[in-house]
Amino acid sequence: MPTKRSQPPERKPRADAQRNRERILEVAKEAFTRRGANASLDDIAKEARVGPGTLYRHFPTREDLLQAVYRSELEKLAAAERKFAQSMTPIEALRAWLLLFVDAIAAKELIAPALNALVGDHKKVFAASYAQMKEAIRSLVKRAIESDDIRKDLDPMDLLRALVGVVNVAANPDWQQSARRLVDILITGSRPVKIKRTPI
């Protein structure tokens, strides 16, 4: 009786293929940031030191590449929470992550309009990545509350809304510096209130 062949295990991407993909994403992020959605894909391949065929093998369409760049930025931000939590105190980890969030907003502000022109509502496209990001800030704030560094009634999303608000109202190119200064203001304002007792 013929025996059923077991399916071969799914192969992981080769190390060089993974490196090529990551290099393409990094170059594409810079290109879309500088030149918008119509940045030349051939130029991106050349700057990433890969052939056009390699680029199209990883990202068959311009839309695929734009989506991958945006998703990669959000996923890096979510992953940074774990790294910071392992190597820093709760309050330091929260501050470092918020500063990284400011940098991510800069990329989003430049890439998102190009992305929207191609795929519509990016919030629908990236719902899973946004969920990871929200989970990251909640986890960081929870640790800071448990260590008594942050007041217990703080809503983690208020920190992100405040930083995004700076972007939305900023009319000058220095908004990023303002947002980074705001991180320290937010951290200071989120500290537990110390009640001074008057001597009887």
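Start by colouring the protein chain by confidence: this is a predicted model, with a mean pLDDT of 80 and 76% of residues at 70 or more. Select helix 2 (residues 41-47) to see where confidence is highest, at a mean of 95, then helix 6 (residues 122-125), where it is lowest, at 59. Where pLDDT is low, the coordinates should not be read in detail.

Next, select residues 127-146. This is helix 7, with 20 residues, and it reaches 29 Å from its first C-alpha to its last, close to the expected 28 Å. Show the side chains of Ser129, Tyr130, Met133, Ala136, Ile137, Leu140, Val141, Ala144 and Ile145: these are the buried residues of helix 7. They lie on the same side of the helix because they cover an arc of only 165° around its axis. Now turn to the other side of helix 7, where Ala128, Glu135, Lys142 and Glu146 are exposed. Just after the helix, stop at Asp148, which has a positive phi of about 65°.

Select Leu94, Trp97, Leu98, Phe101, Ile137, Leu159 and Leu163, the residues with the most contacts inside the largest nonpolar core, which has 37 residues. Helices 4 (62-87), 5 (90-119), 7, 8 (156-169) and 9 (175-189) each supply at least two of its residues, and helix 5 gives the most, with 11.

Which residues does Leu159 touch? Leaving aside residues up to four places away in sequence, Leu159 touches Leu94, Leu98, Ile137, Val141, Leu154, Leu186 and Ser190.

For a last stop, select Ala31, Phe32, Ala37 and Leu66, which are among the 19 residues of a second, separate core.

Note on methods
Residues numbered from 1 in each chain as written. Heavy atoms only, no water. pLDDT = per-residue confidence, 0-100. Helix = DSSP H or I, 4+ residues; strand = E, 2+ residues; numbered from the N terminus. Expected span 1.5 Å × (residues − 1). Buried < 20%, exposed > 50% of the residue type's maximum accessible area, 1.4 Å probe, protein only. Arc of directions from axis to C-beta. Core = buried A, V, L, I, M, F, W, Y, C linked by side-chain atoms within 4.5 Å. Contact = heavy atoms within 4.5 Å.
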